[in-house]
Amino acid sequence: MRILLVEDDAHTAAFIGKGLREDGHVVDHAADGKQGLFLATTEPFDALVLDRMLPGLDGLTLLRTLRGAGNQVPILMLTALGDTDHRVEGLRAGADDYLVKPFAYAELSARLDGIVRRHQGGEREPTRLRVGELELDLLARTAQREGRRIELQPREFRLLEYLMRHAGQVVTRTMLLEAVWDYHFDPQTNVIDVHISRLRQKIDHDFARPLLHTVRGAGYRLSE
């Protein structure tokens with residue numbers, strides 16, 4: 001793919017650019033919003049990786065300008081602004097996905113592939129996931145069960161999102177380590193056990209029936 005990377009931080013741009021090129025992509029880089037807008041409107045790209053905080057022209061304005069002109073290129077927005085209102089604002093302005101700094105390159109790559117695949121297939125990514133009475137709002141980054149708000153830490157949210165996207169399936173420790181923690185080996189840590197225990201306490205405690213199940217010797221399954 002030919003990808004436009006609009007990022008003013010040289011270290012971050014080098015980190016992302018190196019990973020994308022190693023994955024076989026062609027990368028054009030713009031260090032400010034005005035240059036990014038010029039390239040995005042004069043050259044064909046398969047996707048944009050767009051920082052929100054940019055000199056010259058901020059990423060949100062750039063995004064709105066492109067969408068207002070009918071440019072539907074897949075856009076992954078990056079930001080250090082991780083609160084719910086900023087994420088919702090970016091997604092509603094037309095971003096296909098939103099990634100909060102700091103992040104692992106593997107997650108950026110997976111999210112980028114996902115938005116391009118959806119764009120090519122004409123699919124629209126669901127904004128809510130539901131398993132039984134448990135609901136996850138991907139735009140507002142909120143969770144609730146039976147109308148009761150569930151407060152989740154960022155890692156807990158990612159863990160629950162992964163489990164809900166694989167609802168009814170057995171998810172192994174290796175799958176969780178790679179998808180949620182970006183470990184490609186088992187570091188012999190109890191991090192999964194700790195987070196699963198906390199998540200189970202939040203989504204199942206005080207409810208009539210559990211949704212998060214341990215499958216002995218295999219992993220975990222989220223199901224009704």
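A salt bridge is counted where a side-chain nitrogen of Lys or Arg lies within 4 Å of a carboxyl oxygen of Asp or Glu. The structure is a predicted model, in which local features need pLDDT of at least 70 and side-chain atom pairs count only at pLDDT 80 or more, while totals for chains, interfaces and linings use all residues. Residues are numbered from 1 along each chain as its sequence is written, and side-chain values use heavy atoms, with hydrogens and water left out.

By the rule above, the model holds 23 salt bridges. One of them joins Glu-7 to Lys-101, with the closest N and O atoms 3.1 Å apart. Glu-7 sits in the loop between strand 1 (2-6) and helix 1 (10-22), and Lys-101 in the loop between strand 5 and helix 5, so the pair ties together parts 94 residues apart in sequence. Helices (H or I, at least four residues) and strands (E, at least two) are DSSP runs, numbered from the N terminus. Glu-7 is buried, with a relative accessible area of 1%, whereas Lys-101 is partly exposed, at 22%. Here buried means under 20% relative accessible area, exposed over 50%, and partly exposed in between (1.4 Å probe, protein chains only).

A salt bridge also links Asp-137 and Arg-128, at 3.2 Å from N to O. Asp-137 is buried, with a relative accessible area of 11%, and Arg-128 is partly exposed, with 46%. In the salt bridge between Asp-204 and Arg-145, the closest N and O atoms are 2.9 Å apart. This pair connects distant parts of the chain, since Asp-204 belongs to helix 8 (residues 191-204) and Arg-145 to strand 8, 59 residues apart. Both Asp-204 and Arg-145 are buried. These two residues are also part of a network of salt bridges with Glu-133, Arg-209 and Glu-224.

The second largest pocket has a volume of about 580 Å³. On a 1 Å grid over the protein atoms alone, a pocket is an open set of points where a 1.4 Å probe fits, with protein on both sides within 12 Å along at least five of seven lines; lining residues have an atom within 4 Å of a point. Grid points are joined across faces, edges and corners, and the volume is the space filled by probe spheres set on the points. The pocket is lined by 26 residues, of which Val-100, Arg-141, Pro-154, Arg-155 and Arg-158 lie nearest its centre. Helix 6 gives the most to this lining, with four residues.
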